[in-house]
Amino acid sequence: MARSVYFGLLLVAAMALAQLPASASGSVGPGGVKAAASAGYSRGKAITFRQLVCRKCPIGKREFNRERARSVKESIDAALAGRSGGAETDNIRALCAGDAESCAGKLEAVQYFLQRRYKL
């Protein structure tokens, strides 16, 4: 009798666990409306903190704030428009020197991230 009670409880626990919603903690991934809606933001954030703002990047992580983000956004606007806006624009262009086609996509993703994150 004890054995059947044990298996009964085990079966109830397994059924309860099977009904829990499965959700991943990733920000960019396949499927789902939430992932698709935030994909541009997440991609821009990744590019920003891997290629523009890091220890060995043109902009140090400690000096990156809202004003600096505004300056970077203006530099991206100038780079996308083909204007020369100074050293920052040149640094941004240097990041994309190898592949001009994906450069515009990267800069637009960074621009989207900065607009949403810093409300520019």
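Tutor: Partly exposed means a relative accessible area between the buried range, under 20%, and the exposed range, over 50%. Keep that in hand. The model here is predicted.

Student: Why is Asp77 called partly exposed?

Tutor: Asp77 has 26% relative accessibility. Buried needs under 20% and exposed needs over 50%. Asp77 therefore counts as partly exposed.

Student: What makes Lys73 and Asp77 a salt bridge?

Tutor: Their closest N and O atoms are 3.3 Å apart. The cut-off is 4 Å. The pair passes.

Student: How many residues apart are Lys73 and Asp77 in helix α3?

Tutor: They are 4 residues apart, so about one helical turn separates them.

Student: Is Lys73 buried or exposed?

Tutor: Lys73 is buried, because its relative accessible area is 15% and the limit is under 20%.

Student: Which residue does Glu67 meet in a salt bridge?

Tutor: Arg70. The N to O distance is 3.9 Å, and the rule asks for within 4 Å. Both residues lie in helix α3, which covers residues 66-81. They sit 3 residues apart, about one turn of the helix.

Student: What makes Arg68 and Glu63 a salt bridge?

Tutor: Their side chains meet at 3.8 Å, N to O. Again the limit is 4 Å. Arg68 is partly exposed at 24%, and Glu63 is partly exposed at 43%.

Student: How many salt bridges are found in the whole structure?

Tutor: The search finds 3. In general, side chains of opposite charge can pair when their charged atoms come close.

Student: How do you know that Cys54 and Cys57 form a disulfide?

Tutor: Their sulfur atoms are 1.8 Å apart. The rule asks for within 2.5 Å. The count comes to 1 disulfide.

Student: Why is this disulfide called right-handed?

Tutor: The torsion about the S-S bond of Cys54 and Cys57 is about 75 degrees, so the disulfide is right-handed.

Student: What makes Cys54, Cys57 and Cys103 buried?

Tutor: Check each value against the limit of under 20%. Cys54 has 19% relative accessibility. Cys57 has 17%. Cys103 has 11%. Each therefore counts as buried.

Student: Where is Ile92, and how do you know that it is buried?

Tutor: Ile92 lies in helix α4, residues 87-95. Its relative accessible area is 3%, so Ile92 is buried. Ile92 and Ala79 are 13 residues apart in sequence, and 7.6 Å apart from C-alpha to C-alpha.

Student: Which residues gather in the patch of positive charge on the surface?

Tutor: Lys45, Arg66, Arg117 and Lys119. Arg117 is in helix α5, residues 100-118. Lys119 is in the segment after α5.

Student: How many helices and strands does the chain have?

Tutor: The chain has 5 helices and 0 strands. From the N terminus on, the order is α-α-α-α-α. Of the 120 residues in the chain, 25% are buried.

Methods:
Residues numbered from 1 in each chain as written. Predicted model: local features only at pLDDT ≥ 70, side-chain atom pairs only at ≥ 80, totals over all residues. Heavy atoms only, no water. Buried < 20%, exposed > 50% of the residue type's maximum accessible area, 1.4 Å probe, protein only. Patch = residues over 30% accessible without salt bridge, like charges linked within 9 Å, V, L, I, M, F, W, Y side chains within 5 Å. Areas by Shrake-Rupley, 256 points an atom, 1.4 Å probe, with all protein chains shown as cover. Lys, Arg positive; Asp, Glu negative; His and termini not counted. Charge placed at Lys NZ, Arg CZ, Asp CG, Glu CD. Helix = DSSP H or I, 4+ residues; strand = E, 2+ residues; numbered from the N terminus.
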